[in-house]
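User: I would like to learn how to read strands, hairpins and helix packing from a model. Please take me through one case.

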Amino acid sequence: MTADRNFRRSPLHGLRDRLAATGGAVTVAETPFLAQINVRTDALALARPGDVDVLPLGPDEFLVVGPPGSEDRLIAAFDGPGVSVVDVSAQRTALDLSGPGVRELLAFGCSIDLHPRVFAVGDCAQTVLAHTPVVLQRRESGFRVLVRSSFAAHLAAWILDASPELTAGH
């Protein structure tokens with residue numbers, strides 16, 4: 001039997017039903033296969049195509065996150081002299097968390113202050129959530145957690161189990 005190299009399966013395929021059943025004070029949804037481009041440049045500001053997020057990871061490092069399938073377009077948009085551009089799309093999956101209890105849930109496993117006065121919409125941080133390294137982004141609808149694929153099932157299970165009263169559908 002020949003393996004189909006174009007077949008992609010989410011790192012959370014085994015938890016899909018449990019994630020879909022969330023809906024209490026916190027709703028959890030995976031957004032798999034996002035385009036993710038690591039950009040290293042000395043430029044102070046990167047141009048931002050309308051459908052992407054440019055997340056600063058360090059003084060000269062950015063993670064550009066766009067819709068699935070946009071890798072080639074993003075690489076072309078950000079590549080240039082003095083710039084390192086690497087497709088890291090297969091490295092992480094995204095968990096989108098929303099609802100009135102999301103900050104409380106994240107506080108169980110994350111030590112940074114997520115109050116809107118401190119961590120505003122558009123902010124991001126590299127941190128640890130449930131002993132797992134993540135990139136945490138504040139969005140209008142809640143939070144996006146970018147987690148390495150190899151840790152995704154652990155983190156999703158922790159989110160679902162950390163506070164059943166927050167993630168259980170009522």
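Analyst: This is a predicted model. Start with the hairpin of S7 and S8: two residues lie between the strands, and alanine 130 has a positive phi near 55 degrees.

User: How many bridges join S7 to S8, and are the strands parallel or antiparallel?

Analyst: Strands of a sheet pair through backbone hydrogen bonds, and the pairing is either parallel or antiparallel. Here S7 (residues 124-129) and S8 run antiparallel and are joined by six bridges. Leucine 129 is opposite threonine 132 in S8.

User: Why is S8 described as largely enclosed?

Analyst: Buried means under 20% relative accessible area. In S8 (residues 132-139), six of the eight residues are buried, so the rest of the structure largely encloses this strand.

User: What is the strand order in the open sheet of four strands?

Analyst: The order is S3-S4-S2-S5, and the pairing is antiparallel. S3 and S5 are the edge strands; each has a single partner strand, so one side of each lacks a neighbour in the sheet. From one strand to the next, the twist averages 25 degrees.

User: Which residue is the bridge partner of valine 54 in S4?

Analyst: Valine 64 is that partner. S3 and S4 pair over five bridges in the antiparallel sense. As a general point, side chains in a regular strand alternate between the two faces of the sheet.

User: Where does H2 pack, and what angle does its direction make with that of S2?

Analyst: H2 packs on the sheet and touches S2, S3, S4 and S5, with its direction at about 20 degrees to that of S2.

User: Which residues of H2 are buried, and which are exposed on the other side?

Analyst: Glu71, Leu74 and Phe78 are buried in H2. Their arc around the axis is only 70 degrees, so they lie on the same side of H2. Asp72 and Ala76, on the other side of H2, are exposed. The buried residues of H2 pack against S2 (35-40), S3 (53-58), S4 and S5 (84-87).

User: Is serine 70 buried or exposed?

Analyst: Serine 70 counts as buried because its relative accessibility is 6%. Serine 70 is in the loop between S4 (61-66) and H2 (71-78). Its C-alpha is 8.9 Å from that of glutamine 36, although the two residues are 34 apart in sequence.

Note on methods
Residues are numbered from 1 along each chain as its sequence is written. This is a predicted model: local features need pLDDT of at least 70, side-chain atom pairs count only at pLDDT 80 or more; totals for chains, interfaces and linings use all residues. Side-chain values use heavy atoms; hydrogens and water are left out. Buried means under 20% relative accessible area, exposed over 50%, partly exposed in between (1.4 Å probe, protein chains only). Two strands pair if DSSP finds at least two bridges between them. The arc is that of the directions from the helix axis to the C-beta atoms. Contact means heavy atoms within 4.5 Å. Axes are lines fitted to C-alpha atoms, for helices over the stretch in contact, and angles run from 0 to 180 degrees between N-to-C directions.
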